[in-house]
Amino acid sequence: MKTAAAKAHLLTGNKMRDDLNKIADELKIDTKEYKGLLNLTKNMFKTKSPDTMLDESQKGGLKKTLGAFDLIMLGIGVMIGSGIFTALGIAAVGGNGTLGAGPAVIVSMVLASFCCIFSAMCYAEFATMIPVAGSAYIYTYATMGEFLAWIVGWSLIMEFLIGYIAVLSAWTGYLTEFIKGFSKYLPEWLYNPPIWLIQDYTTAAHNLTKEGLNPDLIIPHIFGIPVCFSLPGALFTIVVASILIKGIKESAAMTGVLVFIKLGVIALFVITGAFYVKPENWVPFAPNGINGICVGAFLIFFAYLGFDAISTAAEETKNPQKNLPVGIIGSLAICTIVYILTALVLIGINPLSEINLQAPLAHAISSVGQNWIAGLISIGALAGLTSVLMVMMLAGTRVLYAMSRDGFLPKALQTLHPKFKTPYVVTILAAIICIMGSTFLNISTAAELCNFGTFTSFIIVCVAVLILRKTDPERKRPFRVPFSPWFPLMGILCCGGLMFYSMRFLTTSKVLFPIWIALGIIIYFIYGYNQQRKIEK
C-alpha cells in the first residue's frame with residue numbers, strides 16, 4: 001500500500017503531466033517531440049520519497065556510532081580552524097584586492113552567523129526527519145526532483161572537497177613555518193624545501209615573481225607542464241583518508257582530541273592577549289563601511305559550514321532526532337562566541353597595518369614578547385586545521401556515497417569496506433581529487449568557490465523545507481523550524497543577498513563557479529540521467 005507521501009508525489013507528477021498536455025494541445029506541438037519533452041521534464045523533476053530513502057539507508061550497513069557530543073565536536077572541528085587561524089586576519093585587513101572589515105569584523109561574524117542560523121534550523125528539521133547520508137542533496141531529491149538534487153550534490157562536492165584544498169594549503173603553510181623554528185637542528189632541505197614541493201603552481205609562481213625570480217627557471221617541467229604541488233599536503237591527505245576508512249567513530253574521537261587542543265590554545269591566546277589590548281586599535285571601527293563588513297562576512301562564512309558537515313553524518317548518528325539539532329545549533333553558537341572573543345583580542349593587540357595574514361594569532365602574541373605562547377599557537381593551528389580536513393573529507397565522501405547509491409555515479413563508489421563498514425572506495429577517490437586539485441588551486445580561490453557551494457546548498461535547503469511543508473504536511477518532524485515560513489525565507493534572503501552582493505568584489509571564483517555548474521549539468525545528461533532510466537527499467 002502506498003503511503004500518503006508517495007500518493008502526494010504521484011498526484012503532483014500527474015497534475016504536471018495534465019498541465020503540459022493542455023499546453024501542447026493549445027500550441028499544436030508535434031506529438032512525438034512533445035512526448036520526448038514531457039518525459040524529459042517529468043524525469044528531471046521526479047522526486048524520491050523520504051520513506052524510500054529511509055528504507056535504503058537501513059539496508060546500507062553504515063554503523064550508528066555518533067552521539068550529540070560527537071556531533072558538536074565534529075561541528076567545532078570544522079568551524080574553528082582555517083577561519084580563526086587564517087581567514088580572520090584576511091577578513092579584518094583585506095587582501096588580494098578585497099576590502100577589509102577592520103575591527104568591525106566582529107559585526108561580519110554576527111552577520112555571517114545570523115545568515116547561518118536560519119539555514120541551520122532548516123538543516124535540523126530535515127536531518128531529524130530524514131536522517132540519511134547526503135545532507136542537502138537528499139533533501140532536494142525529496143522535494144524538487146533528481147535534476148536539482150544532482151546540482152546541489154555537485155555543489156556540495158565543490159563545497160567540501162575544494163574547501164578541503166583551501167584548508168590543506170593553510171595547513172602546509174603552518175607546518176612549514178613550524179618546522180623552520182627548528183632550523184638549527186634540521187638539515188636545510190627539510191626546513192627550507194623547494195617551493196615547488198610545498199605550494200600550488202599559482203601561489204609558487206606569484207611568490208617567485210614577487211622576489212624577482214623567473215618561475216619557469218625554478219619550477220621543473222615535464223613535457224612542458226610545470227610540476228608543482230604540496231608534498232606534505234599530499235602525504236597528509238593519505239593519512240586522513242586512511243583514518244576515515246578505519247571508521248567514523250575513530251575519526252570523531254581523534255577530532256575531539258584535536259578540538260580540545262585548539263580550544264585550549266585559543267583560550268590561552270584570549271586570556272594572555274587581553275592584558276595587552278589597546279582600545280585605540282579598535283578605532284576607526286569600520287574603515288570600509290558596510291562594504292567592508294559584507295565582504296568580511298562573505299570571507300568568514302568559509303568557517304561556518306560545520307553544521308552542514310554534521311548533517312552528512314546523520315545516517316551514522318545514534319538517536320538522530322534528538323542529537324542532530326543539538327549538534328548543529330550547539331556548535332554554531334559556541335563557535336560564534338569563540339570567533340568574536342578572538343577577533344577583539346587580535347585587533348586590540350595589533351593595529352590593522354601590523355596584522356600578519358599568514359599566521360595572525362601567533363604573530364600577534366609574539367609581538368608582545370610571548371614567543372613560547374606563539375609556538376603553542378602554531379601547534380594549535382596545525383591541530384585545528386587537521387580537524388577541519390578530517391571533517392571536510394568525511395562530509396565530501398558521504399555526499400558522493402549518497403549520489404552513488406541513487407545511481408547518479410558508478411555503483412562501485414558505494415562499496416563498503418568488508419571489516420570497517422565504511423565507504424572506502426569513494427574515500428580513496430576523494431583523496432585523489434583533493435591531491436590533484438591542490439596542485440593548481442590557491443587558497444583564496446578555493447575558499448571562495450567553497451563559499452559559493454555553501455551558499456547554494458543553504459538556500460536550496462531553506463526552499464526545500466517550505467516545499468515539503470506543503471507536499472507532505474503530515475510527516476513526523478521531531479524538530480520544526482519556528483516561525484515558518486518567515487525563518488526559511490529569511491535564510492534565503494540573507495544567504496542570497498550576501499552571496500550576490502559580494503560577487504561585485506570577486507574575480508576568478510565568480511567565473512569558475514558557473515563553469516563548475518555547467519560541467520555538472522553535462523555529466524548529469526551524459527551519465528546520471530541515462531543511469532536513472534536504466535534503474536527504472
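I started with helix 8, which passes helix 19 in a right-handed crossing. For my own record, a crossing is left-handed if the near helix is turned anticlockwise from the far one by less than a right angle, and right-handed if clockwise. Helices here are DSSP runs (H or I, at least four residues), numbered from the N terminus.

A note on what I am looking at: this is a predicted model, where local features need pLDDT of at least 70 and side-chain atom pairs count only at pLDDT 80 or more, while totals for chains, interfaces and linings use all residues. Residues are numbered from 1 along each chain as its sequence is written, and side-chain values use heavy atoms, with hydrogens and water left out.

**Helix 8 against helix 19**

I looked up the geometry next. Helix 8 covers residues 146-180, and its axis comes within 9 Å of the axis of helix 19, crossing at roughly 50 degrees. The axes are lines fitted to C-alpha atoms over the stretch in contact, and angles run from 0 to 180 degrees between N-to-C directions. Helix 8 and helix 19 are therefore oblique to each other. The cut-offs are under 35 degrees for roughly parallel, over 145 for roughly antiparallel, 65 to 115 for roughly perpendicular, and oblique for the rest.

Which residues of helix 8 meet helix 19? I found L161, Y164 and I165 in helix 8 meeting A430, I433, C434 and G437 in helix 19; contact means heavy atoms within 4.5 Å. By class, this contact of helix 8 with helix 19 has six nonpolar residues, one polar and no charged ones. Ala, Val, Leu, Ile, Met, Phe, Trp, Tyr, Cys and Pro count as nonpolar, Asp, Glu, Lys and Arg as charged, and the others, Gly among them, as polar.

**Helix 18 against helix 19**

Helix 18 (residues 371-405) packs with helix 19 (residues 424-437) at an angle of about 120 degrees, and their axes are 9 Å apart. Helix 18 and helix 19 are therefore oblique to each other, and helix 18 passes helix 19 in a right-handed crossing. On the helix 18 side I noted M393, T397, L400 and Y401, which meet V426, T427, A430, A431 and C434 in helix 19. The class count for helix 18 with helix 19 is seven nonpolar, two polar and no charged residues.

I also checked the loop between helix 18 and helix 19, where L416 is found. L416 is buried, with a relative accessible area of 19%; buried means under 20%, exposed over 50%, and partly exposed in between (1.4 Å probe, protein chains only).

**Salt bridges**

How many salt bridges does a search of the whole structure find? It finds four, a salt bridge being a side-chain nitrogen of Lys or Arg within 4 Å of a carboxyl oxygen of Asp or Glu.

I looked up D406 and K48, whose side chains meet in a salt bridge at 2.4 Å, N to O. D406 sits in the loop between helix 18 and helix 19, and K48 in the loop between helix 2 and helix 3, 358 residues apart. Both D406 and K48 are buried.

Then came R469 with E125, a salt bridge whose closest N and O atoms are 2.8 Å apart. R469 lies in helix 20 and E125 in helix 6, so the pair ties together parts that are 344 residues apart in sequence. R469 and E125 are both buried.

My last entry is the salt bridge of D472 with R475, at 2.7 Å, N to O. Salt bridges that share partners join E125, R469 and R477 into one network.

How values were computed
Helices (H or I, at least four residues) and strands (E, at least two) are DSSP runs, numbered from the N terminus.
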